[in-house]
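Reader: Please take one part of this model and go through it closely. I would like the aromatic contacts and their surroundings, with the cut-offs stated.

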Amino acid sequence: MMTLYLSMAGFALATSISPGPVNVMALSSGTAHGLRATLPLVAGSTLGFVLLLVLAGMGLAELLRGWPLVATFTRWAGVGFLLWMGWALWTSGGGVAAGHPPPAPSAWQGAAMQWLNPKAWVAALAGAGVYAGDDAARLWSLAAVYAVVCGLSIGVWAYAGARLRPLLADARRMRLFNRVMASLLAASAIPIGLAV
C-alpha cells in the first residue's frame, strides 16, 4: 500500500510543480503581493483541483463526452480567462514599487484557473483513471495526496515569487517581470485554443 501512495505522490508532484498557468499566477502574485496575500490563491487552486479530480473520478469526463458543446464552451472560457489574467498583469505597471498593486488573486480565481486549465484536466483524468479506476476509496486517497502535494507545490511557486520581491522593487523591473509573466499566461492559452 505504501508503494501505491508513493506512486500517487510522485505523480501528483510531477503534475503540480511543473510550470503552468496556475503556477505562473502564484509566482506573479507572490512577487506583487507577498506570500501571505497569495495564500488564498494557493488554497483556492488546490481545492479547485481536488474537486476537479474527484468529479473526474466520478464520471465527469463521460458526461462531457455526451455534451460536446459544454466542453467547447469550457475550452474557450479558459482561453478568455487566461488572456484576461495576462492582460491584467501586462497593464499592471509595476505596482510593488508604486505602492498600488492590483488586488491579489482570490481563492475563487485560483479555483477557476484550475477548472479552465487543460493541464489540470489532463492530470485529473489521468490520475483518476490510473490510480482510482472504479475504486472510491482509492479516489479519495488520491484526492488527499493531491491536496497536500498540490498545495505545497503551488505554495513553492508563491514563495519563490515572494523571495523575488526585493529584486523587483524597481517599478521598471517589476513591469518587465509582469509582462514576461503575462506573456507566459497568454502562451499557455494557445494549446487550449488549438485543442480539437
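**Aromatic pairs and the core around them**

Author: A search of the whole structure finds four aromatic pairs. Rings of Phe, Tyr and Trp (its six-membered ring) pair if their centres lie within 6.5 Å, and planes under 30 degrees apart count as stacked, over 60 as edge-to-face and the rest as tilted. The model is predicted, so local features need pLDDT of at least 70 and side-chain atom pairs count only at pLDDT 80 or more, while totals for chains, interfaces and linings use all residues. Residues are numbered from 1 along each chain as its sequence is written, and side-chain values use heavy atoms, with hydrogens and water left out.

One of the pairs is F11 with Y131, which is tilted, at 5.6 Å centre to centre and 55 degrees between the planes. F11 lies in helix α1 and Y131 in helix α8, so this pair ties together parts that are 120 residues apart in sequence. Helices (H or I, at least four residues) are DSSP runs, numbered from the N terminus. F11 is partly exposed, at a relative accessible area of 23%, whereas Y131 is buried at 11%. Here buried means under 20% relative accessible area, exposed over 50%, and partly exposed in between (1.4 Å probe, protein chains only).

F11 also pairs with Y146, and that pair is edge-to-face, with 6.4 Å centre to centre and 90 degrees between the planes. Distant parts of the chain are linked again: F11 is in helix α1 and Y146 in helix α9, 135 residues apart. Y146 is buried, at 1% relative accessibility. F11, F49, Y131 and Y146 form one aromatic cluster.

Now the core. A nonpolar core is a set of buried Ala, Val, Leu, Ile, Met, Phe, Trp, Tyr and Cys residues joined through side-chain atoms within 4.5 Å. The largest one has 46 residues, of which M25, F49, L53, M113, Y146 and L185 touch the most other members. The elements giving two or more residues to this core are α1 (2-17), α2 (21-33), α3 (35-57), α5 (68-90), α8 (118-132), α9 (136-164) and α10 (171-194). With 10 residues, α9 gives the most.

L53 shows some of the packing. Apart from neighbours within four places in sequence, L53 is in contact (heavy atoms within 4.5 Å) with A124, A128, L139, L142, A143 and Y146.
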